[in-house]
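Thanks for coming, everyone. I'll walk through one protein today, starting with its sheet and ending with a few single residues. Please have the structure open.

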Amino acid sequence: LFESDSFSFLMITCCDSTGWFAPSEHMEHDPGVCEYITGQDLLHLERRNLLIVDARDGDFQGGNLPNCINAPYQTHHKSIEKLHTKVQQEMERRPHITDIIFHCMYSQQRGPRLHDAYERYLQDEAIDDWIPTVRLKVLKGGFHGWVNLMMKQCTLGQENIQNFNKDYWQQTRKSGFVHVDDVKESEHAIVKGFNV
C-alpha cells in the first residue's frame, strides 16, 4: 500500500511458476469488443449448443462447467493454434455449437484475454467458414460468479457444475464462496501488510 498526502493505492502483482511477474487475476481487463453473457442468461441457453473454454490454470481444481475444454491461459495464449485444434475437434464432434463461452475464475483477465487472442487468431488466419454461425462470448463474473449463482439457486448438481469439491471453496461475508487459492492469496497480502 502506497500512501501520500494526496493519494493512496494498492499494487498487487503475482509471480508465475517461471519467476516472472504476471498480471493479477483481480486487475480489471479492458473489455474491448468482448461480448459478455451473464450466468443467468447462460442458464437459459441450450447446453448442447455451447462450447465452454475454461482458461483457469491451477485454480481449475474444485469444479468446472460441464463438458468444458480446459485451456489454461499460461500455455494457450502463446500457442493459440493448440486451442483452435481443440475447438475444431469439439465442433466436428458437436456441429450444432452456436456459442463459444470463455471464462476464468473472475473473467477479468485470463478468460477475456484468451477470447481476444482467439478472435484475433480467427481473423488473422481468415478462418471464417464457421464464424458467422458461432458467437464468441465471455462469462461475466467467471466461474466464481457461476458457483455463487448455483449456490444461491440451490442448483449445484452435475448438470451445472462437474467435479465440484467443497474443500476448494470457502464462504466469505463480502464475496460469497471463494476458491481457496484466492483466500490464501488475500491472507498472504494481509500478512505482508496489505489489507485487501
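**The sheet and what packs on it**

V53 has I69 of β7 as its bridge partner. One caution before I go on: this is a predicted model. So keep that in mind for every value I quote, since they are all computed from predicted coordinates.

Now step out to the whole sheet. What is the strand order in this open sheet? Read it as β5-β9-β8-β6-β7. That is 5 strands, and the pairing is parallel. The edges are β5, residues 36-37, and β7, residues 69-70. Each edge strand has a single partner, so one side of each has no neighbour in the sheet.

A quick reminder on strands. They pair through backbone hydrogen bonds, either parallel or antiparallel.

Which helix packs on this sheet? Look at α4, residues 110-124. Helix α4 touches β5, β6, β8 and β9. Strand β9 covers residues 135-139, and the direction of α4 makes about 170° with that of β9.

**Two helices crossing**

Stay with α4 and bring in α3. Two packed helices are described by the angle between their axes and the distance between the axes. Here the axes come within 10 Å, and they cross at roughly 85°. Angles of 65 to 115 degrees count as roughly perpendicular, so α3 is roughly perpendicular to α4.

Who makes the contact? From α3, it is I80, E81, L83, H84 and V87. From α4, it is L114, A117, Y118, Y121 and L122.

**Two arginines**

Next, R94. Where does R94 sit? Find the loop between α3, residues 80-93, and β8, residues 99-103. Is R94 buried or exposed? Its relative accessible area is 11%, and the cut-off for buried is under 20%, so R94 is buried.

What does R94 touch? Leaving out residues up to four places away in sequence, the contacts are R47, R48, L50 and L51. Look closely at L50. Its backbone oxygen lies 2.8 Å from a polar atom of the R94 side chain.

P95 is in that loop too, between α3 and β8. But P95 is exposed, with a relative accessible area of 65%. Now compare P95 with R48. They are 47 residues apart in sequence, and their C-alpha atoms are 9.7 Å apart in space.

Which side chains does the R110 side chain meet in polar contacts? One is D57, at 3.2 Å. Another is D59, at 2.7 Å.

**Positive phi**

Two residues to check in your viewer. N67 has a positive phi of about 55°, although N67 is not a glycine. N67 lies in the loop between β6 and β7. At 52% relative accessibility, N67 counts as exposed.

S107 also has a positive phi of about 55°, and S107 is not a glycine either. Its place is the loop between β8 and α4. S107 is buried, with a relative accessible area of 5%.

**Cysteines**

How many disulfides does the structure hold? The count is 0. C68 is buried, with a relative accessible area of 19%. C104 is buried too, at 0% relative accessibility.

**The hairpin**

Now to β10, residues 169-172, and β11, residues 176-179. These strands run antiparallel, and 4 bridges join them. A hairpin links β10 to β11 through 3 residues. W169 stands opposite H179 of β11. Q170 has V178 of β11 as its bridge partner.

**The whole protein**

Last, the overall numbers. The protein has 6 helices and 11 strands. It has 196 residues, and 42% of them are buried. Take the contacts with a separation of 6 or more: residues 24 or more positions apart account for 67% of them.

Methods. Residues are numbered from 1 along each chain as its sequence is written. This is a predicted model: local features need pLDDT of at least 70, side-chain atom pairs count only at pLDDT 80 or more; totals for chains, interfaces and linings use all residues. Side-chain values use heavy atoms; hydrogens and water are left out. Buried means under 20% relative accessible area, exposed over 50%, partly exposed in between (1.4 Å probe, protein chains only). A polar contact is a pair of N or O atoms within 3.5 Å; within protein, one must be able to donate a hydrogen and the other to accept it, and residues adjacent in sequence count only if both atoms are side-chain atoms. Contact means heavy atoms within 4.5 Å. Two strands pair if DSSP finds at least two bridges between them. Axes are lines fitted to C-alpha atoms, for helices over the stretch in contact, and angles run from 0 to 180 degrees between N-to-C directions. A disulfide is a pair of cysteine sulfur atoms within 2.5 Å. Angles under 35 degrees count as roughly parallel, over 145 as roughly antiparallel, 65 to 115 as roughly perpendicular and the rest as oblique.
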